[in-house]
Amino acid sequence: MSKVLVLNASYEPLNITTWRRAVVLLLKGKAEQVEHNGKYIYSGFPLPTVIRLRHYVRVPYKEIPLTRKNLLHRDGYSCQYCGYSGDSLTLDHVIPRSRGGGDSWENIVTACVRCNVKKGNRTPKEASMPLSIVPQKPYSGLYFEVTKHVKNGLNQEWRKYVIGM
Ligand SMILES: [Zn+2]
């Protein structure tokens, strides 16, 4: 069933919830409807897709696990050296592990097999293979979840509430 983006009172995205939970927040007066998709739960009550809390809540930063899946998602499932996007993508240590490069968001990128083999045990500079973008830690776990939804063709109306999309 459809998901609802919850905005903080400040309009910053806060989390993603189920439509049922969102409706409860609306009925209790804890949130207001910001966007709906034109479908109705019952007459005069549209199904929300974005709601906003009436009171500001503070949330701690949540770490995003450094996993293959998350790295591929950050890199848009494309090789960060040549732009190839297709099957059998690998992960490449920008500074090779054997030369002290660690496991971090800043040092691991998506690479196609060809580029990974070609680069071998060298740095991008030594291999004359510049990265298309400087790899970074994702902005926040929520940002990550929201971009996944939008990239999968869901909830396009969420786009305007997320910076940099
Ligand atoms: Zn490549």
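Two strands are taken to pair if DSSP finds at least two bridges between them; helices (H or I, at least four residues) and strands (E, at least two) are DSSP runs, numbered from the N terminus. The structure is a predicted model, in which local features need pLDDT of at least 70 and side-chain atom pairs count only at pLDDT 80 or more, whereas totals for chains, interfaces and linings use all residues. Residue numbers start from 1 along each chain as its sequence is written.

**View A. Overall architecture of the protein.** The protein contains 4 helices and 6 strands, which follow one another from the N terminus as β-β-α-β-β-α-β-β-α-α. Its C-alpha trace spans about 65 × 30 × 20 Å along the principal axes. The radius of gyration, taken over C-alpha atoms, is 20 Å, whereas a compact globule of 165 residues would have a value near 15 Å under the rule of 2.2 Å times the number of residues to the power 0.38. Of the 165 residues, 19% count as buried, that is, with 20 or more other C-beta atoms within 10 Å of their own, the C-beta atoms being placed from the backbone (12 or fewer: exposed; in between: partly exposed).

**View B. The open sheet of four strands.** The strand order is S2-S1-S4-S3, with mixed pairing. S2 and S3 (31–42) are the edge strands, each pairing on one side only. Neighbouring strands of this sheet are turned by 25° against each other on average, direction ignored; axes are lines fitted to C-alpha atoms, for helices over the stretch in contact, and angles run from 0 to 180 degrees between N-to-C directions.

**View C. Strand S1 and its two partners.** Strand S1 (residues 3–7) is largely enclosed by the rest of the structure, because 4 of its 5 residues are buried. S1 pairs with strand S2 (residues 13–18) in the antiparallel sense over 5 bridges, and Lys-3 stands opposite Thr-18. The hairpin of these strands has 5 residues between them, and there Tyr-11 takes a positive phi near 75°. With strand S4 (residues 45–53), S1 pairs in the parallel sense over 3 bridges. Leu-5 has Val-50 of S4 as its bridge partner, and Leu-7 stands opposite Arg-52.

**View D. The largest nonpolar core.** A nonpolar core is a set of buried Ala, Val, Leu, Ile, Met, Phe, Trp, Tyr and Cys residues joined through C-beta atoms within 7 Å. The largest has 12 residues, including Val-4, Leu-25, Ile-51, Leu-142 and Trp-158. At least two of its residues come from each of S1, helix H1 (19–27), S4 and helix H4 (141–151), and S1 supplies the largest share, 4 residues. Apart from this core lies another of 8 residues, among them Tyr-81, Ile-108, Val-109 and Cys-112.

View E. Not counting residues up to four places away in sequence, Trp-158 touches Leu-5, Val-50, Val-146, His-149 and Val-150; a contact requires C-beta atoms, placed from the backbone, within 7 Å. H1 lies across S1, S2, S3 and S4 and runs at about 75° to S4. H4 lies across S1 and S2, at about 55° to S2.

How values were computed: Contact = placed C-beta atoms within 7 Å.
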